[in-house]
Amino acid sequence: MSSRIPLAYNPKVLELFKNPKNLGKMEDADVEALVGSRACGDMIAIYLKIDDETRTITDVSFESYGCAANIAASSIITEMVKGKTLEEAWNASWKEVSEELGGLPSVKFHCGVLAVGALRRAIRNYFEGKELPPWIPEKLTPDERHALEEEQLMEVLTKKMERMDERIAKEEEEESQEEGKEKTAVPL
């Protein structure tokens, strides 16, 4: 029997988890970004279609791999920024994501941070090779740093797990070889 207590998600989170809005890869996106880590399971890809003249997000979609809160946060941020200028979208916060969802359990706040980090990474990617507008700081924001730190942490943990798996496999192989030697030994 599991000792884990299920998280109490509000109905809006559960509805967006079951029926996410703007889900799917956008083949003709002007810009995209991927945040998260395959190792921990929370990943978000966000795709933006942008009117270059007005710098308005005309379409947005996402792909997500993760928990209910991750999928709901990804879905709600797409709804929040569609039709907004890049500057307005940039100013979206994880707290607003959580509020739009009707609240998230505190252990799931990082899902809102990750959604905002994905959006900001996509907006930054849009300006790659161009002059940054004054409303985008040169240095990464806390949400962007959080997404990057989570990715880096998961890469470190993945490498450690791979080394541990290799060590266990080697030990099992050595044990198997020892057992094989014992079975083939001829008694005197």
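Predicted model: local features only at pLDDT ≥ 70, side-chain atom pairs only at ≥ 80, totals over all residues.
**Entry 1: the overall layout**

I started with the secondary structure of the chain, which comes to 6 helices and 3 strands. I then read the elements off from the N terminus, and they run α-β-β-β-α-α-α-α-α. For burial, I found that 39% of the 188 residues of the chain count as buried. I also looked up how far apart in sequence the contacting residues are. Taking contacts between residues at least 6 apart in sequence, 62% join residues at least 24 apart.

**Entry 2: α1 against α2**

Which residues meet here? On the α1 side I listed Lys12, Val13, Leu16 and Phe17, and on the α2 side Ala68, Ala69, Ile71, Ala72, Ser75 and Ile76. I sorted this contact by class and got 8 nonpolar residues, 1 polar and 1 charged.

**Entry 3: α2 against α5**

I stayed with α2, which spans residues 68–81, and checked it against α5, residues 109–126. The two axes come within 8 Å, and the crossing is at roughly 45 degrees. That makes α2 oblique to α5. I also looked up the handedness, and this crossing is right-handed.

For the residues in contact, α2 puts in Ala69, Asn70, Ala73, Ser74, Ile77 and Val81. From α5 I wrote down Cys111, Gly112, Leu114, Ala115, Val116 and Leu119. By class, the contact has 9 nonpolar and 3 polar residues, and no charged ones. I spotted Ala69 in my α1 list and again in my α5 list.

**Entry 4: salt bridges**

How many salt bridges does a search of the whole structure find? I got 4, and I made notes on several of them.

Asp30 and Lys49: their side chains meet in a salt bridge, at 3.6 Å from N to O. Asp30 sits in the loop between α1 (11–18) and β1 (31–36), while Lys49 is in strand β2 (residues 43–51), so this pair ties together parts 19 residues apart in sequence. I checked accessibility for both partners. Asp30 counts as partly exposed at 38% relative accessibility, and Lys49 is partly exposed too, with a relative accessible area of 25%.

Asp59 and Lys82: the closest N and O atoms of this salt bridge are 3.9 Å apart. What does the pair tie together? Asp59 belongs to strand β3 (residues 56–65) and Lys82 to the loop between α2 and α3 (86–90), so the bridge links parts that are 23 residues apart in sequence. I have Asp59 down as partly exposed at 32% and Lys82 as partly exposed at 36%.

Glu171 and Arg167: here the closest N and O atoms are 3.9 Å apart. Both residues lie in helix α6 (residues 142–184), and being 4 residues apart they are separated by about one helical turn. Is Arg167 buried or exposed? Arg167 counts as exposed, at 51% relative accessibility, because the cut-off for exposed is over 50%. Glu171, at 39%, is partly exposed.

I also checked for shared partners.

**Entry 5: positive phi**

Last, I looked for positive phi values in residues other than glycine, and made notes on Asn22 and Arg55.

Asn22 has phi near 60 degrees. I placed Asn22 in the loop between α1 and β1, the loop that also holds Asp30. Asn22 has a relative accessible area of 19%, so I logged this residue as buried; the cut-off for that is under 20%.

Where is Arg55? Arg55 lies in the loop between β2 and β3, and phi there is near 50 degrees. I logged Arg55 as partly exposed, with a relative accessible area of 33%.

Technical notes: Residues numbered from 1 in each chain as written. Heavy atoms only, no water. Axes fitted to C-alpha atoms, helices over the stretch in contact; angles between N-to-C directions. Helix = DSSP H or I, 4+ residues; strand = E, 2+ residues; numbered from the N terminus. Parallel < 35°, antiparallel > 145°, perpendicular 65-115°, else oblique. Left-handed = near helix turned anticlockwise from the far one by under 90°. Contact = heavy atoms within 4.5 Å. Nonpolar A, V, L, I, M, F, W, Y, C, P; charged D, E, K, R; others polar. Buried < 20%, exposed > 50% of the residue type's maximum accessible area, 1.4 Å probe, protein only.
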